[in-house]
Every structure is written in structure tokens, then in C-alpha cells.
Amino acid sequence: LDWRLLFVCRTHGIQIVNSHSWETDKAFAAVKTRGGFRLVSSFHGHYELLQESGDQTDTQTKRQLESVDAVVYVSPKHVATLNKYAVPAAKRNKIFYGIPFPAEKRTTQYRSHETLQLVMAARGIPEKGWAEALEAVAVLNRDLGPVVAIDLLGTGGALDTLRDKYKGHSYVR
């Protein structure tokens with residue numbers, strides 16, 4: 001894999017690699033000193049999952065995070081991971097996924113007498129919060145009547161299980 005990554009980076013003149021998973025961080029970190037590119041790691045929860053697996057990954061994770069030029073993160077859990085591995089503040093870049101509050105009124109067209117239509121799009125894995133989103137919609141509809149509906153966009157085993165569980169509920173599509 002190492003020589004293939006180097007070949008692609010050199011052939012195509014790649015200057016920046018933006019990785020979104022621990023596995024790709026690992027692969028590109030291994031060739032970074034020979035690749036002539038900058039490495040950016042965008043956290044999506046994978047480092048937190050590794051922490052739960054114990055200390056066997058700590059050495060590899062620390063080495064990977066030392067080799068990145070920047071880390072993009074979104075949550076306090078990510079900050080805890082960055083602190084644990086002593087990633088310098090200068091390498092950290094927080095971003096916001098969502099709608100900024102001033103824009104909220106322009107983007108939401110909800111009226112109190114209508115059903116609020118939600119859409120969730122992601123990989124069908126438990127870590128994305130599918131079960132929690134569906135449970136929240138179910139509780140709101142149980143307590144307040146049919147006020148919220150949700151469209152599910154994604155594929156994966158966990159999502160398929162939830163689709164079966166909520167099959168027949170008019171508020172889930």
C-alpha cells in the first residue's frame with residue numbers, strides 16, 4: 001500500500017490529503033515523510049471508538065496525530081481526544097456542522113399547525129445517532145400528536161434494523 005499511495009500522490013501532484021478515518025490517517029501518516037504532502041485529519045468519532053478499545057492503539061494513534069499538519073474537529077469529545085494525545089492548539093481547527101442561528105429563521109419554514117419534516121442522511125451505523133433520532137421523533141409524536149415526521153437516507157445494517165422496527169409508523173419514511 002505504501003508505494004501505491006506514494007505513486008498516486010506523486011503522479012497527480014497531490015499537495016494536501018484530507019483524511020476522514022483512522023485507517024486512512026494511518027496509511028498516509030506512514031508515507032507522509034516521503035510523500036511531500038500535508039495531512040489533514042477530519043475527526044468523525046473514530047478516535048473516540050479507538051480509545052474505548054484500550055491502550056493497544058495508543059502508540060499508533062499518538063504517532064499518527066503527531067504526523068498530521070492539522071486536525072478538524074467538531075465536538076467536546078474530540079477535544080478530549082486531542083488533549084489526551086497532546087495535539088498542539090495550533091494544529092486544531094474547530095468547525096460547525098449545521099445552520100448558524102441567525103440563518104435559522106430563513107431556512108426553517110415550520111408553522112405550528114403543520115408537521116415538522118426532518119431528514120437524516122448518514123451511514124447506517126449506530127454511532128450516527130439513528131436510534132436516538134427515531135426515539136425522539138416517536139416520543140414527540142406520542143406526547144404531542146403527529147407533529148414530526150422523518151425521512152431516513154442511508155444504508156447499513158443498523159439502519160436496516162431500525163427501518164424494520166419502525167415499519168408501519170406513518171411518521172418514518
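**Ground rules.** I worked with a predicted model, where local features need pLDDT of at least 70 and side-chain atom pairs count only at pLDDT 80 or more, while totals for chains, interfaces and linings use all residues. I kept the numbering from 1 along each chain as its sequence is written, and side-chain values use heavy atoms, with hydrogens and water left out.

**Salt bridges.** I took a salt bridge as a side-chain nitrogen of Lys or Arg within 4 Å of a carboxyl oxygen of Asp or Glu, and by this rule I counted six.

I then looked up Asp160 and Arg163, whose side chains meet at 3.3 Å, N to O, and which are three residues apart in helix α8 (residues 157–165), about one helical turn.

For Arg142 and Asp143, I found a salt bridge with the closest N and O atoms 3.1 Å apart, and both residues are exposed, that is, over 50% relative accessible area.

**Phe7.** I noted Phe7 in helix α1 (residues 2–11), exposed with a relative accessible area of 53%. Trp3, Phe7 and Val8 make a nonpolar surface patch of about 360 Å², where patch residues have over 30% relative accessible area and no salt bridge, with nonpolar side chains (Val, Leu, Ile, Met, Phe, Trp, Tyr) joined within 5 Å and like charges within 9 Å; accessible areas come from the Shrake-Rupley method with a 1.4 Å probe.

Technical notes. Helices (H or I, at least four residues) and strands (E, at least two) are DSSP runs, numbered from the N terminus. Buried means under 20% relative accessible area, exposed over 50%, partly exposed in between (1.4 Å probe, protein chains only).
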